[in-house]
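Please take a moment to look over the sequence and the fold before reading on. The paragraphs below are meant to be read with both in view.

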Amino acid sequence: MSTLAPPPAGIGELWGPEEFTARLRAVPAERYHDRHPFNVRMHQGGLTPAELRRWIINRFHYQRRIPVKDALILAKFDDSALRRSWLRRIQDHDGAAEGEGGIERWLRLGEAAGIDRGRLVSGDEVLPGVRLAVDGYVNFCRLGSPLEAVAASLTELAAPTIMRTRIDAFERCYPWIEAEGLAYFRTRIGQGARDSREALALVLAWADSRREQEAAVAALRFKCDVLWSLLDAVAAAESPAGDPAGASAGVPAGAFAEADLRQPAGERP
Ligand SMILES: O=C(O)c1cc(C(=O)O)c2c(n1)C(=O)C(=O)c1cc(C(=O)O)[nH]c1-2
């Protein structure tokens with residue numbers, strides 16, 4: 001047996017803040033969805049228009065459930081200052097008024113990619129596996145401890161980097177998506193950095209036993225699995241019948257990137 005085998009959960013010594021932080025950061029570094037083959041293909045410009053639209057439609061299900069899961073987390077907090085601070089996350093997505101916020105920006109991303117907002121809002125094309133993954137995350141936060149629920153959001157430690165890569169990839173490889181549509185990703189760079197800083201400070205302060213530290217790491221692994229499963233479902237799906245861009249599904253990776261690069265913005269496939 002390997003001498004490197006970890007001790008059974010809850011038995012070891014408390015990790016110091018540096019080691020605990022390093023163990024938390026190691027989880028998305030190893031398992032974040034930026035390594036998923038579908039995401040890799042997206043960032044290399046290899047998705048067909050139909051595949052990219054399928055991703056936008058299915059990721060919208062994640063976006064619209066995030067403020068619900070944040071409201072469930074908020075309800076666990078006894079402290080006024082903490083609730084006030086967490087409330088900001090809900091407002092980031094729902095906006096302070098109609099027509100503002102992240103959900104609205106995602107709808108505009110859809111429109112910029114040629115997806116009618118009614119098609120996004122209906123949720124009709126959300127895949128069963130995506131529903132399960134997203135519901136899994138919401139229920140994890142509903143039923144878990146505040147520590148686990150906050151720790152699960154720490155995938156966002158890696159989110160600002162993926163947002164920058166995505167903006168660059170969309171601008172280079174998918175110019176048929178109108179530039180204003182990328183506002184969601186641009187806004188999320190700052191929000192994700194701030195949110196993950198806040199969440200990391202809370203997790204470091206709250207986890208005061210090795211058992212709790214390991215629960216926080218496990219929560220973060222679970223969240224990585226949620227994001228991975230979501231992309232598994234999107235990658236495995238066929239394009240919906242009747243989608244004009246669906247005819248291109250199955251084209252070898254890269255073939256569309258070349259065609260799209262020659263296409264001026266505004267002329268969509
Ligand atoms: O596009 C992405 O790669 C990505 C990843 C994540 C994440 O790591 O969970 C979030 C988001 N985007 C995002 O836009 C977002 O609002 C968000 C909220 C949360 C969360 O767990 O509270 N994660 C994420």
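The model is a predicted one, and its chain holds twelve helices and zero strands, so that the order of elements from the N terminus reads α-α-α-α-α-α-α-α-α-α-α-α. The chain has 269 residues, of which 36% count as buried.

Helix 1 has 15 residues and reaches 22 Å from its first C-alpha to its last, close to the 21 Å expected at 1.5 Å a residue. Its buried residues are Phe20, Leu24, Val27 and Pro28. Because these buried residues fall within an arc of 85 degrees when seen down the axis, they line one face of helix 1. In an α-helix there are 3.6 residues a turn, so residues three or four places apart point the same way. The face of helix 1 turned away from the buried side carries the exposed residues Glu18, Glu19, Ala22, Ala26 and Glu30, while the cover over the buried residues includes helix 10 and helix 11.

Buried in helix 4 are Trp86, Arg89, Asp92 and His93. They cover an arc of only 100 degrees around the axis, and therefore sit on the same side of helix 4. These buried residues pack against helix 3 (49-74), helix 5 and helix 10, whereas the face of helix 4 turned away from them carries the exposed residues Ser80, Ala81 and Arg84. Just after helix 4, Gly95 takes a positive phi of about 80 degrees.

How do helix 5 and helix 10 meet, and at what angle do they pack? Helix 5 (residues 102-112) and helix 10 (residues 183-206) pack at an angle of about 145 degrees, with axes 8 Å apart. On the side of helix 5 the contact is made by Gly102, Arg105, Trp106, Arg108 and Leu109, and these meet Ala183, Tyr184 and Thr187 in helix 10. By class, this contact has four nonpolar, two polar and two charged residues.

The ligand has its own set of surrounding residues, namely Ile66, Ser153, Thr155, Glu156, Ala159, Ile162, Arg188 and Leu227. This shell around the ligand divides into four nonpolar, two polar and two charged residues.

Trp15 lies in the segment before helix 1, and because 17 other C-beta atoms lie within 10 Å, Trp15 is partly exposed. Leaving aside residues up to four places away in sequence, Trp15 touches Phe20, Arg23, Arg210 and Gln213, and Phe20 is among the buried residues of helix 1. Phe222 lies in helix 11 (residues 210-236) and is partly exposed, with 17 other C-beta atoms within 10 Å. Apart from residues up to four places away in sequence, Phe222 touches Phe140 and Ala152. Although Phe222 and Gly136 are 86 residues apart in sequence, their C-alpha atoms are 9.4 Å apart in space.

Methods
Residues are numbered from 1 along each chain as its sequence is written. This is a predicted model: local features need pLDDT of at least 70, side-chain atom pairs count only at pLDDT 80 or more; totals for chains, interfaces and linings use all residues. Axes are lines fitted to C-alpha atoms, for helices over the stretch in contact, and angles run from 0 to 180 degrees between N-to-C directions. Helices (H or I, at least four residues) and strands (E, at least two) are DSSP runs, numbered from the N terminus. Two residues are in contact if their C-beta atoms, placed from the backbone, lie within 7 Å. Ala, Val, Leu, Ile, Met, Phe, Trp, Tyr, Cys and Pro count as nonpolar, Asp, Glu, Lys and Arg as charged, and the others, Gly among them, as polar. A residue is near a molecule or strand if its C-beta atom, placed from the backbone, lies within 6 Å of it. A residue is buried if 20 or more other C-beta atoms lie within 10 Å of its own, exposed if 12 or fewer, and partly exposed in between; C-beta atoms are placed from the backbone. The arc is that of the directions from the helix axis to the C-beta atoms. The expected span of a helix is 1.5 Å times one less than its number of residues.
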